[in-house]
Protein chains: 2
Amino acid sequence: MANTRRDFLTKVGLAGGYGATFTAMQTLGLLPSVGSAASVVDLPVTAGKGVKIVILGGGIAGLVSAYELGKAGFHCTVLEARERPGGRNWTVRNGTTVEFVDGTKQTAQYISSDSYFNAGPARIPSIHKTMLGYCRELDVALEVFVNTNRSTLMVSDKAFGGKPVEQRQVINDTRGHVAELLAKCVNQGALDQELNKDDRERLLVLLRSFGDLRPGFDYPGSERAGVARLPGAGEVTETPRPCLDLHSLLDANLWIDTTHEETLDMQATMFQPVGGLDHIPYAFAKKLGKVMQYQSVVKEIRKSDNGVKVVYTHHGAEKSIVADYCICALPVNMLKSIANDFSPQVKQAIADTHYNDSYKIAWESKRFWETEYNIYGGISWLQGGPINMVWYPSGKMHSDMGVVLSGYGLQSLPAFNQLPNMEARFAASRAAVETLHPGHGKDLNSPMFVVWEKIPYNQGAWISSFGDYYGGPYRTFLEPDERVYFAGDHCSHVVAWQEGAALSAHRTVRMIGERVRSVKT
Amino acid sequence: MANTRRDFLTKVGLAGGYGATFTAMQTLGLLPSVGSAASVVDLPVTAGKGVKIVILGGGIAGLVSAYELGKAGFHCTVLEARERPGGRNWTVRNGTTVEFVDGTKQTAQYISSDSYFNAGPARIPSIHKTMLGYCRELDVALEVFVNTNRSTLMVSDKAFGGKPVEQRQVINDTRGHVAELLAKCVNQGALDQELNKDDRERLLVLLRSFGDLRPGFDYPGSERAGVARLPGAGEVTETPRPCLDLHSLLDANLWIDTTHEETLDMQATMFQPVGGLDHIPYAFAKKLGKVMQYQSVVKEIRKSDNGVKVVYTHHGAEKSIVADYCICALPVNMLKSIANDFSPQVKQAIADTHYNDSYKIAWESKRFWETEYNIYGGISWLQGGPINMVWYPSGKMHSDMGVVLSGYGLQSLPAFNQLPNMEARFAASRAAVETLHPGHGKDLNSPMFVVWEKIPYNQGAWISSFGDYYGGPYRTFLEPDERVYFAGDHCSHVVAWQEGAALSAHRTVRMIGERVRSVKT
């Protein structure tokens, strides 16, 4: 199966954009797709004078909407149920409490004040110009996020005696075998009908470089796949190690995970804010000041001819707010339990929208992966068990402690879902680390399990069943229901990424700006 | 031609380790080559009591030698010709003067105090545990160095109308074509003798993932190679772009440069010290204090039965120092003009040792590559002209100004070497940027040309002609000439890397420690 972004999102529950069916190829120039900078919402600074907007939800879509509308003179209020901004953009640090809807509570008890993990989004690809533009505009310090790391490990229960191998081995030995086999076919004349003599000869040259083949086009192994002993001083020469054989590589079926780094929105260079992804929403919130109203839980959304009334509770007390327009930037899942007088079409779209779920299990640990394995960031992959990956921190490298994820994916995957309770999940998570790094399972402390299905005010990670969704409810959310507009990554083709939320907010702000202008003129 | 590290070093003059001939495969375990931490020079703290060592040269080998010998109680003096430590580890900042042996002077005039470039080594791979260990021990702040970046560009004068394409296109479209061709061969029975039915079927599954093939095993293009329009909000769906055809890819011959990132010591994760690589030698020098004697130019090295006498000039005045042992950590090139009474064998080894040359051309510029191309670090590659690469800074991303290299390689390559003067070289360098980034050649300011052949106290970059060298002079430098020991990357199999210099220093320190102990007991 090809590892497109959509496959990936569906299969292992990683964030990824909308993979358009790759059908009719359009004739386009070969120039690089040089992008524009962060989209500018082109409204005059007085566009919103005297216009009140109530924004439901202080996630990225709500924050960006309020920020851009504020620039254009609109009077905004953001109702946010939690005590913090950001929604799924949430950084867990020492003392953070994770409370599930069923009342289960966990509190992170970390030794180091630098320890953290991002429970929701955790990386920003360089193609996400809007979010990078906001980081620049709001002075959010960034550092490189390591998504590609040849020193990370891969393990399959079906090959190599269940022992881990380095990702550089799987990648480069597979390349070597593929190049060797194709060179053999070329040399045996199997492609004489396909390619002219000149191209065949040049293809052989390419394959030698591609696979690091010997002059005879055989592949006995390559330095690229790592060595048994690194070169040193004096008599210490490099000692090669044998390549992984093709049959075992096929048994192991590890290849699918090596393409993760080649999916478009997972390609280097990637970024993370220094110290936690929530520096982004906090930077927005700082700019917004009193526009943000925390601990404000939306209970009713009511339309009227010339406005919107939203009923909410604040510290338990019922309150209401009336505005000219509303931007509903809540997860669709949450709308299912909020009283409203939406149109039948919108009610149906809400009912028809379903969310995937995603979990992360995180541990604080001394950084044995750096000191003993030379692993600095990146992801090790496991096949055959309930835990699919071990993800190492990209920040504060060379410090004593760090937070490592062991398990990030869809909770609904059977191997994981059949684990009876949190204790069993932590045990499986620890066991995955032990498999990759024998002797180090015991170094893991302070486990935290975040599953978005159980997190209040989300109760889901991101849209599921893309085909049904984009063919159905999606279009409904693109248009306002009278004076209520919708925004969020679910109103974009970049689901599960902050970029989609921000672009959706821009679109909504532009629509409101246009409407206000037409009313005024 | 396969792109081994040695090929690479020879071909484009990049730093790289010693590529041992990949011959007899030894039977070794498949476990990852988990390395030890920074090598410890295991000497008691009183080992060197009363023993004087003179160390010639304050590059990495000299600094590491003095630092480790100091820990063991030796009384060291480092004679360094320059006013700074580090040797080839040299960071050029605003105000730095580059003076050639012929008297030519350039002074960097940068607008930003953050602007810099590393004239010598610039990156540390995570497999270089010794140097990373010192960064940790000496508290040198590191950040990720971006060597792998799918957004960088490639251009060949032989294809695509001489227009640049993205590296993600070259890499992923080539993979697609290779996978498609091999799948075709498998499906046509060309590998029926090679692989059993089960493996053939599994290979087809692998190839679909490897090349992002369609279900029919054809390759019309892939999202991995980039898109014409990124997905957005509302109706903005992703727009595909056509793949680069195989024939043109073969014309372009760009593949060789895409394997740069897969050579073992160029693989992610890589590092750089924050703010300049010279933070490493300065951290050593700070620890060494008065052990460092700058502006001390070695003139004579004389052996005696129970010691070594070194004559040097300090601010023009002739001085001398007598010590029990000497570590000569100067470039072999420099020894050719220093009076000495080395053995005939050492004199011959010095005469037989030759250096490659390497240059860098650097410009200060606004960061158009980030704002307009989403290029954050990494290298763009050019074929067909005198300039081989454009290398973007990995530090201070999102700031206004940065230093970009346009041209890094062997000065002796004909296309570059035939440029008549510095002006012509700067013009070619600017033209390379203009080719990749039309309209931006004019943004480049304050050019600096560093070529190690012309830098006093080096007059060369690193050992050339590895085969001759390791078969000849190398072994001579591994043994002391009476009480004079040699150290440097040229005494290691990791030439042109700081790691080789440090490992060589460790080896020399251990040898001296052993000798002193045997003398004392």
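Predicted model: local features only at pLDDT ≥ 70, side-chain atom pairs only at ≥ 80, totals over all residues.

Me: What is the radius of gyration of chain A, and what does the globule rule give?
Reply: Chain A has 16 helices and 25 strands. For its 521 residues the globule rule gives 24 Å, and the model is close to that, so chain A is as compact as a globular protein of that length. The C-alpha trace spans about 80 × 55 × 45 Å along its principal axes. The radius of gyration of chain A is 26 Å.

Me: How far apart are the C-alpha centres of domain 2 and domain 3 of chain A?
Reply: Domain 2 of chain A is made of 91-152, 267-277 and 358-454, while domain 3 is 167-252. Domain 1 is likewise in pieces: 43-87, 279-354 and 465-520. Between the C-alpha centres of domain 2 and domain 3 of chain A the distance is 34 Å.

Me: Which residues touch the most other members of the largest nonpolar core?
Reply: This core has 300 residues. Leaving out residues up to four places away in sequence, A:Leu56 touches several residues, including A:Leu79, A:Val298, A:Val310 and A:Cys326. The residues that touch the most other members are A:Leu56, A:Leu182, A:Cys326, B:Leu56, B:Leu182 and B:Cys326.

Me: Which residue of chain B comes closest to the rotation axis?
Reply: Chain B is superposed on chain A by a rotation of 180 degrees with 0.0 Å of shift along the axis, at an RMSD of 0.0 Å. The two copies are thus related as by a two-fold rotation axis. At 2.7 Å (C-alpha), the residue of chain B closest to that axis is B:Leu182.

Me: Which residue in S11(A) stands opposite A:Pro125?
Reply: In chain A, three strands form an open antiparallel sheet in the order S7-S11-S8. Its edge strands, S7 (124-125) and S8 (142-145), each pair on one side only. S7(A) pairs with S11 (residues 270-273) over two bridges, in the antiparallel sense. Opposite A:Pro125 stands A:Met270.

Conventions: Residues numbered from 1 in each chain as written. Chains lettered and ligands numbered in written order. Helix = DSSP H or I, 4+ residues; strand = E, 2+ residues; numbered from the N terminus. Rg over C-alpha atoms; globule rule 2.2 N^0.38 Å. Domains from an automatic or database assignment. Core = buried A, V, L, I, M, F, W, Y, C linked by C-beta atoms within 7 Å. Buried ≥ 20, exposed ≤ 12 C-beta atoms within 10 Å, placed from the backbone. Contact = placed C-beta atoms within 7 Å. Least-squares fit on C-alpha atoms with pLDDT ≥ 70 in both. Pairing = 2+ DSSP bridges.
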